[in-house]
Amino acid sequence: MNRPFLVLAALLMSASPSLAETVVGRATVIDADTLDIRGKRIRLHGVDAPESAQSCQGADGKAYRCGQRAALALADRIGTATVSCEQTDTDRHRRIVAVCSARGENLNAWLVSEGHALAYRQYGKDYIPQEDAARGAKRGVWAGTFTPPWDWRRGIRDGGPSVAATPPSGPATQAAAPGGCKIKGNINQRGDRIFHAPGSRDYERTKLNEAAGERWFCSESEAIAAGWRAPGR
C-alpha cells in the first residue's frame with residue numbers, strides 16, 4: 001500500500017466525524033426551518049418553510065403571516081424538549097444541515113406533514129409523501145394560496161413584481177420609538193433579521209413595520225439575543 005493512499009485514507013477518516021456531527025440541546029427557533037442549539041445554526045434538511053416576513057392567503061381569503069405562524073408552531077411543538085440534530089451536510093452559509101428530532105419525533109417531517117413547510121425537492125425527496133398528505137388534507141399553507149418560499153426569496157409575490165421593483169407611492173411611516181430604545185430591528189426581503197443603530201449607514205432610511213414583525217431594541221445585545229444581526233454580513 002503506497003504512502004499517498006494512506007494519507008488520503010487518513011484525511012477521509014478525519015473528515016467523516018464533521019459530516020456526521022450530532023448536536024443535542026435546548027433549541028431556539030430562528031425561523032421555521034432554522035434552529036440554534038448552543039450557538040450552532042442548524043438548517044433543517046429537505047424542507048423549506050415560508051420566510052419570517054412572508055404572507056400567505058388563508059382559506060377565508062385574508063392575508064396572514066405564514067412564516068411567523070410556522071415558526072411559532074415549531075417552537076410550540078418543541079416546547080422545553082431536548083432537540084437532537086443529525087448532520088447530513090453543511091450549506092453555503094456554513095450552517096449545519098440536519099434532521100432534527102424532539103421526543104423521538106422527526107421535526108422536519110412534522111413541519112411538512114402539518115403544512116408549515118414544503119418538501120425541498122432541490123435538496124432531497126425525503127418529505128414528498130408528507131407534503132402530498134398535507135396538500136390533500138388542506139393543512140397549513142395548503143388551506144389557501146401561497147408563493148413557494150424559494151420563489152418568494154427571488155422577489156416573486158403571487159405573480160407580481162418584487163417589493164424592490166415597486167417604489168412606495170407615499171412616504172413610509174412607522175410607530176415612534178419607545179423611550180431610549182432607538183435601535184431598529186428590520187426584516188429584509190429575504191427574511192433576514194438585521195438591526196440598525198443610530199448613526200449607521202441605513203438607519204435613517206429604514207422604516208419599521210411592526211405589524212410585519214419588525215421592532216425596536218434598547219441595545220445591540222438585546223437585538224442579538226432576539227435573533228437579529230448587525231448589517232454587512
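Is Asp-48 buried or exposed? At 0% relative accessibility, Asp-48 counts as buried, where buried means under 20% relative accessible area, exposed over 50% and partly exposed in between (1.4 Å probe, protein chains only).

## Basis of the model

The model is predicted: local features need pLDDT of at least 70, side-chain atom pairs count only at pLDDT 80 or more, and totals for chains, interfaces and linings use all residues. Residues are numbered from 1 along each chain as its sequence is written, and side-chain values use heavy atoms, with hydrogens and water left out.

## Salt bridges around Arg-153

Under the criterion of a side-chain nitrogen of Lys or Arg within 4 Å of a carboxyl oxygen of Asp or Glu, the count comes to 13 salt bridges. Arg-153 pairs in this way with Asp-48, with the closest N and O atoms 2.7 Å apart. Because Arg-153 belongs to helix H5 and Asp-48 to strand E4 (residues 47–48), the pair ties together parts that are 105 residues apart in sequence. Helices (H or I, at least four residues) and strands (E, at least two) are DSSP runs, numbered from the N terminus.

Arg-153 also forms a salt bridge with Glu-51, again with the closest N and O atoms 2.7 Å apart. This pair links distant parts of the chain, Arg-153 in helix H5 and Glu-51 in the loop between E4 and strand E5 (56–57), 102 residues apart. Arg-153 is partly exposed at 25% relative accessibility, whereas Glu-51 is buried at 9%.

## Helix H4

Within helix H4, Arg-135 and Asp-132 lie three residues apart, about one turn of the helix. Their side chains meet in a salt bridge of 3.0 Å, N to O. Both residues count as partly exposed, Arg-135 at 35% relative accessibility and Asp-132 at 38%. Salt bridges that share partners join Asp-33, Arg-43, Asp-48, Glu-51 and Arg-153 into one network.

Arg-135 also lies over the face of Trp-142, at 4.5 Å from the ring centre; a charge sits over a ring if NZ of Lys or CZ of Arg is within 6 Å of the ring centre and within 35 degrees of the ring normal. The charged end of Lys-184 is likewise placed over the ring of Tyr-203, 4.3 Å from its centre.

## Aromatic cluster

Rings of Phe, Tyr and Trp (its six-membered ring) pair if their centres lie within 6.5 Å, with planes under 30 degrees apart counted as stacked, over 60 as edge-to-face and the rest as tilted. The count comes to four aromatic pairs. Tyr-120 and Tyr-123 form an edge-to-face pair, 4.9 Å centre to centre with 75° between the planes. The rings of Tyr-120 and Trp-150 have centres 5.7 Å apart and planes at 10°, so this pair is stacked.

Tyr-120 lies in the loop between strand E10 (118–119) and helix H4 (128–137) and Trp-150 in helix H5 (residues 149–153), so the pair ties together parts that are 30 residues apart in sequence. Tyr-120 is buried at 12% relative accessibility, while Trp-150 is partly exposed at 25%. Ring pairs link Tyr-120, Tyr-123 and Trp-150 into a cluster.

## Three-stranded sheet

An open sheet is formed by three strands in the order E12-E11-E13, with antiparallel pairing; two strands pair if DSSP finds at least two bridges between them. Strands E12 (193–196) and E13 (215–217) stand at the edges, each with a single partner strand, so one side of each is left without a neighbour in the sheet. Three bridges join strand E11 (residues 183–187) to E13, and Gly-185 has Arg-215 as its bridge partner in E13.
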